Amino acid sequence: MNAEYVQKLHALLLQTSAPDTALIKAATAQLNQEYYKSPDCIPALFEIIASAPEQTIRQLAAVELRKRVMQKEGTLWIALAQDVRETIKSKIAEVIIVEQSEIVRHSTARVIATIAEIELPLNNWPALLPWLYQCATSSVVTQREIGVYVLYSVLENVVEGLQEKMQEFFNLFARTLQDPESENVRNTTVRALGTISQYIDQDEKPDIKTFQGLVPGMITVLGQAVETGNEEAARHGFDVFETLLILETPLLGKHIPNLVEFFLACGSNTAFEEDVRVMALNTLTWTIKYKKSKIQSLNLAKPILEGLLPIGAEEDPEDIDQDSPSRIAFRAIDALATALPPSLVFPPLHSIVTQYMASPNPALRKSAMMAFGVTVEGCSEFIRPHMKSLWPFLDAGFVDPDPVVRKAACIAFGCVCEWLDEECVSRHEILMPAIMNLMNDPASQSAACTALDSFLEILGPQILQYLTLIMERLAGLLETGTLKVKSLVTGAIGSAAHASKETFRPYFTETFRRLQPFLLLTKEGEELDLRGIAMDAVGTIAEAVGKDEFRPYFPGTMKIAFDGVSLHSARLRECSFLFFGVMARIFEDEFAPYLPQVVPSLLASCKQLESGEEGDILGGTGGAFSTGESSNKAIFVDENQNVSIAADDLDDDGLLSVNSAIAVEKEIAADTMGAVFVAVRGHFLPYLEPCTLELIGLLTHYYEGIRKAATTSLFEFIKTFYELSEPKQWVPGLIVQVPLHDKVRDLVNHIFPPLFEMLESEDDKTVVSGYCQSLSETLGKVGPGLVDGRLEEVCNFIIQILEQKSLCQQDPDQDDEDEEVMEDQAEFDSVLISTASDVVGSLASVLGPDFSQAFGTFLPNIMKYYSKGRSLSDRTSSIGCLGEIITGLKGGVTMYTEPILEHLFSALSDSEPEVRSNAAFATGVLVENTERDLGPQFMHLLGGLRPFFDVPEGSPAAVFNARDNAAGAVARLIIQNTAAVPLDQVLPVLISALPLKNDYLENRAVYRCIFHLFHTNPPAIMPYVDRLLPAFAYALNPETDQLGDEVREELIGLVRALNAEMPAKIAENGLGVYLTS
């Protein structure tokens, strides 16, 4: 190697570390132009690593050497003469052994790994692995540390050719995992095991078993790192276990209970650093999410809750964005509630919460209240029947003597409002005064404003009696409150407008005047937060008061929204996009002139890079060392030439720091595209193609919210474009009788392939549920043409979901391939099954009897969700789906009549009215559509339906709804086979249920039955005319469409016919208004 060349390169590296920006730039430019493009820089940099007296320069040389070796897939390295490459490979082992600086050794280890990535697959470095084994088993501690670290680095880079050596690695790591002298050896071994775990396939049973045997040792090593306060090693250890948790290969096996116990012990130990406790609890949360089957089968929910609630009693930091053990504990409880069946979570939680609420310690009461709040989302349907017994718990929280508990009660109440809205609204007379009282208390004012906001969002017409009081109170706080309080109050005003609709108009002008200054705030922090909330509130108010009232303010607020887009705030852009969607919905065609500004801003948002994808991530002057075609890694050097960041922390993957605010902004932008197209319709056509392409590109985004929004908007594009094609009404059937317009078909063909591609790898249930919901709705709009040529693909995916075999339903800890899926499941899992079932119902509707053959595959997969072990949600969905399918299949249901009828007999006596209601409907439509003679079964069916008509006053709405569906079912039986029904016994019961007041759709069947009897058997129906006429008057009320046009006209015709015989009775019941044309 030319000594002068090496000396000049050494001098330039020294110059880059000088505290002179001009010198750094000059040296960097010279390095890039004269050295780093030539293969000669590689041996020169190696020489500097081996001989430079300055530690910093040796490390910089190692970092740069690694980059040059990997540059352009090893082009410079391969360009070196073979003897030069061999010399480097043979001497680098000597260099790293004698190197005294650990950080330089680590950087050099990365060089070895990078060379190995090129050489090992070509079998050009046979001496490497034997040398590493020799070092790793040496009697000298530093050599063991070097050997294990280099091997770990090599394993990170090289896959090919090493899998067959897996058992050798395991044997070595079993030894190094218990190194008696070096914590570094043990910790690095854990990291190495985390790396090779990713190479183990699910069918490699011996490797899986061996790895599982090493897990206890890995837990021990991580525990030692935590105990000794080695936060960096602990962080790496927790990262390894998070990797093991998400792998499809079940490597943790029977050790899940030990891991749960370990993570809880670390998370609850206040002697440990808070960051370490947060890591442990975060890993516990991942354990719950990714090992839910094991958590469920081993009944670990109760001990987990018992461990988490004391942590939740700890004090929270003031910064709401700062993670703390208590906040992560509640996050873990939320994960339990959403991942596991509520029957396993809520009963033990309720027991602990009851105990804590009786404690004199307010911290425990606060923990109880918060824990209850975070479980509502995942357990809402389970909780719903028990809310009457739970309200005293919240009521006590509202008046607790400690403000921390009162705040927690407000937060919990907000959760209840979101998921159990009807139950909250029914108690408005109690809840509203309680919240208003809390708003008068400075200690709980902010939390009370948040609770009020949540309550007003769902209150609906009940707000009218409180509106004046609420607006007076909120207006006062807008003047006197802090910026934070003003933000909360502004949100609550928006919710008040949402609830009160047009009755908000008297408050509109003054409210807008008060909010307008907030729309002009520009200072980062709380001011911009307030501006964004005000923008949202103004949009909500505009929708409430209507476009005529808001039109004078429309141009000005649009300008403010555009200004918000340009203020370099992701939150403000998000608010502006939401505002655009609302304005488009309100003003429709009048919004079109703004499209040239709106759509480009939405597209630009979707195209922007999240933080971490851009070049300068670490920042600082150290960026000068990212030279030539190197990666964007940097070494920071202080004025004393000390390196502040270890080279092994500068991996590419570790540098990506995702900006979640931008991700949420993109989600809103994607969603707004669909909303704007729906609103402005044809005006959007010039933008349809670029928006479609952008949304398709977002289907592969890492953030599930964006994937879901893109999916929803793409389906909105299909529906709206279809409507613009002025189509004829589609006809049910496999053969498309009314073809889609060519351009609509082209759009569908462009969208569906990437959607299916996304679904193949989609692991998020909410995205798949959103897809199913959108697909079901779009099928109903577009008809069979939507699935023409792709029906099999759609059916296979839905069957996969119903069989609980789709990717998003899989747990990687299923050790036994034949292990049955447990019937009891989380409510979110039930939502997915329900939306998939809706697709089956839609397929039956658009394909009609032609779907009959395919339905045979779906039927057992739908019926299995009705059984004793299933949740209310599953049972309700299963029976409801059957009713929709039967309606669509019509006569095609005939071959399945017997198994379905037997299934419905059981459901008619279910303990829950929601299930019985669906069963009654399904029974009626089965009788109506099957070609089998079910007359012999009528008495059995009527016996099953009879209890539906005995409804005590004050019963839940679901019970009245079931009665209406039972009335519809009985009516269908009468129409189908009047002779098989004992009318003298049945008609008094049926007519006693009139008028129907809950499910107006059943009126159509009921009145068709009445018309049928008047036409075919007047003597049977005429005795009940006096009871029927008031029901006729109720059903004909023009303020509500209870009948549909066809039935309404026929009923009016019947009234006119009866008027000829009994004009006085017609007049007496207020039906005279329907006698004239």
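Are F241 and F263 buried or exposed? Both F241 and F263 are buried. Keep in mind that this is a predicted model. With that said, let's look at its aromatic rings.

**Aromatic pairs**

There are 40 aromatic pairs in the structure.

A second pair is made by F855 and Y896. Their planes stand at 90 degrees, and an angle over 60 counts as edge-to-face, so that is the name this pair gets. Here too, distant parts of the chain are linked: F855 is in helix α41 (residues 852–863), while Y896 is in the loop between α42 (872–889) and α43 (897–907), 41 residues apart.

The table puts the two pairs side by side.

| Pair | Centre to centre | Angle between planes |
|---|---|---|
| F855 and Y896 | 5.1 Å | 90 degrees |

Why does F855 count as buried? Its relative accessibility is 0%, so F855 falls in the buried class. Y896 has 9% relative accessibility and therefore counts as buried as well, since the cut-off is under 20%.

**A cluster of rings**

Rings can also gather in a group. F554, F562, F577, F580, F587, F591 and Y594 make up one aromatic cluster.

**Charges over rings**

Which residue lies over the face of W286? It is K289, at 5.6 Å from the ring centre. Likewise, R790 has its charged end over the ring of F752, 4.8 Å from the centre of that ring.

Definitions and conventions:
Residues numbered from 1 in each chain as written. Predicted model: local features only at pLDDT ≥ 70, side-chain atom pairs only at ≥ 80, totals over all residues. Heavy atoms only, no water. Phe/Tyr/Trp six-rings, centres within 6.5 Å; stacked < 30°, edge-to-face > 60°. Buried < 20%, exposed > 50% of the residue type's maximum accessible area, 1.4 Å probe, protein only. Helix = DSSP H or I, 4+ residues; strand = E, 2+ residues; numbered from the N terminus. Lys NZ or Arg CZ within 6 Å of the ring centre and 35° of its normal.
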